[in-house]
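Here are a few exercises to work through with the structure open beside you. Try each task before reading its solution.

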Amino acid sequence: MNTHNLTLLVIVAEALLKDRLIHSIREAGAKGFTVTEVAGEGSRQRRVGELLGDNIKIEVIVNREIADRVLVVLQKDYFPHFAVIAYLSEVQVVREEKYV
Amino acid sequence: MVLAFAFGIVCRLIKSELAIPRDLYTSLSIYLLFALGLKGGVELSHSEWKELFLPAIATIVIGCITPISSYLTLRHLGRFSIADAAGIAAHYGSVSAVTFIATEKFVLANLGEGSVAPFMPTLLTLLEIPGIQIALAIGVLGLAKSNASKETAPGTPDSVSSRRSMGAIWHELLTARSMVLLVGGMVIGIIVGYDGFASVKPFFDKGEWMFKGALTLFLLEMGLVAGSRLSDLRRAGIFLIIFGIVMPIIHGALGVYLGSLAGLDAGSCTVLGAMAASASYIAAPPAVRMTLPEANPTFYLTAALAITFPFNLLFGIPLYFRMALAIGGT
């Protein structure tokens with residue numbers, strides 16, 4: 001099978017940010033994404049709480065350029081005050097044109 | 001029913017694994033808010049609009065005063081940061097629907113049927129938003145000013161540029177679950193009137209077993225949440241604890257007083273007082289978290305839920321009732 005290398009960007013954030021993050025991702029040029037509800041704890045020790053919901057994980061497969069654009073937005077608008085992490089890894093996909 | 005709340009706290013204290021599923025909590029709050037709006041609308045369909053005028057003005061005045069008094073107290077007496085003070089003020093400026101329901105029940109039990117004006121749920125919706133808006137505006141403007149005077153160093157994130165527009169915040173508050181359910185229920189109630197309501201009365205009426213049972217379960221959940229916040233009390237500090245008790249008493253007295261000025265009877269004055277005294281925990285937390293992320297959620301959630309809500313439930317409501325009787329609302 002013919003595969004292409006693309007970047008998988010994973011963002012884990014407080015659930016409240018879902019719509020805003022999706023908006024930012026779309027704006028950066030991503031064509032699709034997957035959201036799952038997740039739970040966990042990080043360096044801030046506790047989540048914002050029962051009333052504000054759990055965490056979400058957003059997975060996006062994009063090229064490196066778009067991933068960087070999203071990271072810049074995260075760095076500017078989200079990292080300072082919200083519970084958010086993001087990481088990149090390389091993945092192999094078929095049908096590259098679906099993603100970029 | 002207060003016992004269910006206390007039971008929830010006890011469950012947390014003995015570290016029971018009991019937890020109300022999040023979806024049930026959401027369902028219960030949808031049910032309670034919708035029932036509240038529906039019944040309010042049905043009552044409205046039979047009352048005079050002009051009776052509503054003065055109490056509505058009084059409510060809006062309360063909605064404008066409580067966030068400002070809370071902010072000033074926190075900022076200048078409590079020495080909280082701008083964001084924290086504004087975040088907490090947004091909660092105290094808004095209103096808690098469950099406190100409203102509990103107060104209404106208390107008054108009805110003491111003074112009997114018809115002792116609370118039928119349009120009170122309308123006032124509840126009026127009070128929900130202005131307080132949050134005013135406190136958020138104070139916070140956003142205050143932060144912008146202090147950032148400008150500090151001449152933000154290069155490299156530090158300029159949170160003002162990424163601040164959401166007031167339009168977006170308005171949209172969010174007006175379309176928030178609590179608002180949509182209350183207003184939507186009310187409109188349906190006005191349209192169907194008593195006759196239409198009769199067919200769903202056993203399910204939605206506040207006097208029926210279904211509503212009371214749902215409220216009891218909801219209070220149990222509130223107790224669980226409050227209980228898990230108790231450990232945060234130490235972090236919140238003594239000032240916030242005092243604030244969470246004294247501020248409601250002041251706001252409650254204001255609400256009772258303005259209610260009597262607006263010509264409300266003693267029962268309705270009590271409800272208005274409790275509304276002014278209560279702190280929101282459905283509409284306010286997400287709005288504050290999104291708009292003023294600098295504010296520490298531990299402060300506002302703990303104050304609203306672990307201090308003020310139980311205080312009002314146990315001591316506040318009877319106190320506002322006494323005030324209302326003493327002032328002898330018309």
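**Exercise 1.** Find the strand that holds A:Ile61, then decide whether this residue is buried or exposed.

*Solution.* Start with the strand: A:Ile61 sits in E3 of chain A, residues 55-62 (strands are DSSP E runs of at least two residues and helices are H or I runs of at least four, numbered from the N terminus). Before counting, note that this is a predicted model: local features need pLDDT of at least 70, side-chain atom pairs count only at pLDDT 80 or more, and totals for chains, interfaces and linings use all residues. Residues are numbered from 1 along each chain as its sequence is written, while chains are lettered from A and ligands numbered from 1 in the order written.

**Exercise 2.** Which residues does A:Ile61 contact, leaving aside neighbours within four places in sequence?

*Solution.* Apply the contact rule (C-beta atoms, placed from the backbone, within 7 Å). The partners of A:Ile61 are then A:Leu6, A:Leu8, A:Val91, A:Val93 and A:Tyr99. For A:Glu14, 47 residues away along the chain, the C-alpha separation from A:Ile61 is 21 Å.

**Exercise 3.** Describe the make-up of chain B.

*Solution.* First, count elements: chain B has 15 helices and zero strands. Next, look at burial: 51% of its 330 residues are buried. Finally, take the extent: the C-alpha atoms of chain B fill a box of roughly 65 × 50 × 35 Å along the principal axes.

Key
Buried ≥ 20, exposed ≤ 12 C-beta atoms within 10 Å, placed from the backbone. Contact = placed C-beta atoms within 7 Å.
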